[in-house]
Amino acid sequence: MDFALILFVLSVLTGALWCADRFVFRKKRPQGTPEPVWVEWGAGFFPILLAIFLLRSFLVEPFRIPSGSMIPTLLVGDFILVNKFAYGIRLPVIDKKIIDSGSPKRGDVVVFRYPQNPSQDYIKRVIGLPGDKIEYINKRLRVNGEEIAVKQIEDYLHTDRLQYSHRYVEKIGSVEHQMLNDADAPPFVSQTLPYPGRENCVYTVEGVRCTVPAGHYFMMGDNRDQSSDSRVWGFVPDANLRGKAFFIWFHFGDLARIGSFH
């Protein structure tokens, strides 16, 4: 169930109890009489719930990284903060944009509602903006015909499966970051899902070429061969954007990761 909806309902219910006590029952209660249980455990939580609801709706929202698709930038179990107003102010619960405060840039790491199932949140890196021509051929990325330069550095060890991936430093837009490729993984996309705008992409044994539709974005994970992303399930509509990831605030077992996101 949608946590934002649960928080909204609880805020409304406790707010109604708070108003009832503040404007009706408190005046009738004899001075010195203890507050009833429904005030202490209901109305008493209203200010806290309201503050949390407003904070996560309009300022920052916490998320936990559930998968390894963004390794090495983000690891499974990282707790991150997401800037909710980076790409526009939206009404809570219904996610209707009411103020346009910016748009994603190439290289941003973004949390969004998964187009195939909007009840799920995904996190990927923005590779293509509306109108961009994206090519990922033989594991080399081109944006609008320009190949994105990469520099290979030391291999990355996946400690959970004791395997290595080739690691590269890549610069997309103004953002320099690390990404991984597996030497034994094929360059082609082995499986795709039906998605709107599928006719904008051409799949071959070498990879995929896509033109990003207006109002949409092309997303990829930094763990390129272990990421289900726009190559598989298509483009992300602007309406699905939740916010820009910007900070790791906790990781159980590895406190050194706090603040290491870039």
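The questions and answers below go through several features of this predicted model and set each value against the cut-off it has to meet.

Q: How do you know that the length of helix 3 agrees with the number of its residues?
A: Helix 3 covers residues 46–58, which is 13 residues, and at 1.5 Å a residue these should span 18 Å.

Q: What makes the buried residues of helix 3 line one face of the helix?
A: The residues concerned are F46, L49, F53, R56 and S57. Seen down the axis of helix 3, these buried residues fall within an arc of 120°, and therefore they line one face. They pack against helix 1 (3–28), strand 1 (60–64) and strand 3 (89–90).

Q: Why is S11 called buried?
A: The word buried is used for a relative accessible area under 20%. S11 has a relative accessibility of 6%, so it counts as buried. S11 lies in helix 1, and, when residues up to four places away in sequence are not counted, it touches F46, L49, L50 and F53.

Q: Which residues make the nonpolar surface patch, and which element gives the most to it?
A: The patch, of about 820 Å², is made by L5, F8, V9, V12, L13, L91, V93, I94, I98 and I99. Helix 1 and strand 4 (97–99) are the elements that give two or more residues to it. Helix 1 gives the most, with 5 residues, and L13 is a residue placed in this helix.

Q: How do you know whether R29 and D21 are buried or exposed?
A: The cut-off for buried is under 20% relative accessible area. R29 has a value of 18% and is therefore buried, while D21, at 2%, counts as buried as well.

Q: Why is the pair of R125 and D222 said to tie together parts of the chain?
A: The side chains of R125 and D222 meet in a salt bridge at 2.7 Å, N to O. R125 lies in strand 6 (residues 121–128), whereas D222 lies in the loop between strand 15 (216–220) and helix 4 (230–233), so the pair ties together parts that are 97 residues apart in sequence. Both R125 and D222 are buried.

Q: What links R224 with E170, and where do these residues lie?
A: R224 forms a salt bridge with E170, in which the closest N and O atoms are 2.6 Å apart. R224 is in the loop between strand 15 and helix 4, and E170 is in strand 11 (residues 163–172), so that the pair links distant parts of the chain, 54 residues apart. R224 and E170 are both buried.

Q: Why is N138 called partly exposed?
A: Partly exposed is the class in between buried, under 20%, and exposed, over 50%. N138 has a relative accessible area of 43%, so it is partly exposed. The place of N138 is in the loop between strand 7 (133–137) and strand 8 (140–143), and it has a positive phi of about 50° although it is not a glycine.

Q: Why does N144 count as partly exposed?
A: N144 has a relative accessibility of 43%, and therefore it counts as partly exposed. N144 lies in the loop between strand 8 and strand 9 (146–147), and its phi is positive, about 55°, although it is not a glycine.

Q: Where is the cis peptide bond?
A: The cis peptide bond joins I71 and P72, with an omega of about 10°. P72 lies in the loop between strand 1 and strand 2 (79–83).

Terms used:
Residues numbered from 1 in each chain as written. Predicted model: local features only at pLDDT ≥ 70, side-chain atom pairs only at ≥ 80, totals over all residues. Heavy atoms only, no water. Helix = DSSP H or I, 4+ residues; strand = E, 2+ residues; numbered from the N terminus. Expected span 1.5 Å × (residues − 1). Buried < 20%, exposed > 50% of the residue type's maximum accessible area, 1.4 Å probe, protein only. Arc of directions from axis to C-beta. Contact = heavy atoms within 4.5 Å. Patch = residues over 30% accessible without salt bridge, like charges linked within 9 Å, V, L, I, M, F, W, Y side chains within 5 Å. Areas by Shrake-Rupley, 256 points an atom, 1.4 Å probe, with all protein chains shown as cover. Salt bridge = Lys/Arg side-chain N within 4 Å of Asp/Glu carboxyl O.
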